[in-house]
Amino acid sequence: MAFCDRCDRYFPSERALEQHIDNSNAHHVCELHGKDFASAWSLIQHYVQSPMHHYCQRCDDHLKSHNDLISHYEEDHYYCETCNSFYKNAAGLHEHNRQRHWYCADCRRVFQSESNLKSHLRSAIHRDRVVSCPGRNCNKQFMSAADLVLHWESGTCPSHVDRDIINRTAVRLDRSNIITNPNRLIGGPDGYSPPSSTVTATWATDRSWNGRKYECVLCHREYSTLKALNQHLESPAHAEKIYKCPRGWNGCGHEFRTLSALCQHVESEQCGVHRFNSAMQNVIGSLSDGLNRLTL
């Protein structure tokens, strides 16, 4: 007779013991789980009464836990945990992942969703910094137009371009209101202009102290210092959403407070506007050219 030390049970033959171990290991549970209610319930009842074996048939090795078993599969075998399948070599697993999963072939990484894979492909790992800032005395480079515009909006460029200049230039150049919303702009004899952000930039004073912290009267958020409150007010947190994702280009119509946010939205391919990305990039390019002329 054969004996299982883990379960303290005898079996009529070595084959019966092997079958017992195979039927009660974590790999087998993963294969059967969810196929049908009767099978799942039968497995649950079985493992309540007896311990689970974390056994690798390929190595004839017992592991301490399910996590140890999975780690063993991934380190010592060519194993896809998602599909619970094994492959003869790295090339087989690579081809399986390429065909069946959201997979970066260069990094040999599997991602949980298509959006996660796209974000990875847009990261610095796969993209060079090819967009140069044309600002005077600025030699920084960026991976995309969105990053360049964000740099300008931050006000840290030596050219002294800031968010207010960006907004005014964008509105002036976007005469057809493709990406700007005239309903949120100020009309005048010289055309539309964006609401100025300079009113709130120096608004907060010591009177903002509420006895505990400095409070923003617009959103009631609290800050430990007056400087932090003013930084909040100088940010686009309370700015008008003067930019829009153009429905005319199959966009979603979503509104944004900054041009960089709109650029990031387009580049992220979150809506149908990405199908017209080249046309959208031409508009963004013309805006960038206009800003370039201001900083040269």
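Guide: Of the 296 residues in the protein chain, 36% count as buried. This is a predicted model, where local features need pLDDT of at least 70, side-chain atom pairs count only at pLDDT 80 or more, and totals for chains, interfaces and linings use all residues. Residues are numbered from 1 along each chain as its sequence is written, and side-chain values use heavy atoms, with hydrogens and water left out.

Visitor: What makes a residue of helix 4 buried or exposed?
Guide: Buried means under 20% relative accessible area, exposed over 50%, and partly exposed in between (1.4 Å probe, protein chains only). In helix 4 (residues 66-76), Leu69, Ile70, His72 and Tyr73 are buried.

Visitor: How do you know that the buried residues of helix 4 line one face?
Guide: Look down the axis: they fall within an arc of 155°, so they line one face of the helix. The arc is taken from the directions from the helix axis to the C-beta atoms. Asn67 and Glu75, both exposed, sit on the face turned away from that buried side.

Visitor: Why is the largest set of 24 residues called a nonpolar core?
Guide: A nonpolar core is a set of buried Ala, Val, Leu, Ile, Met, Phe, Trp, Tyr and Cys residues joined through side-chain atoms within 4.5 Å, so the name follows from that rule. Cys133, Trp152, Ile166, Tyr243, Cys245, Leu259 and Leu262 touch the most other members. Another core, of seven residues, lies apart from it; Leu69 and Ile70 are among its members.

Technical notes:
Helix = DSSP H or I, 4+ residues; strand = E, 2+ residues; numbered from the N terminus.
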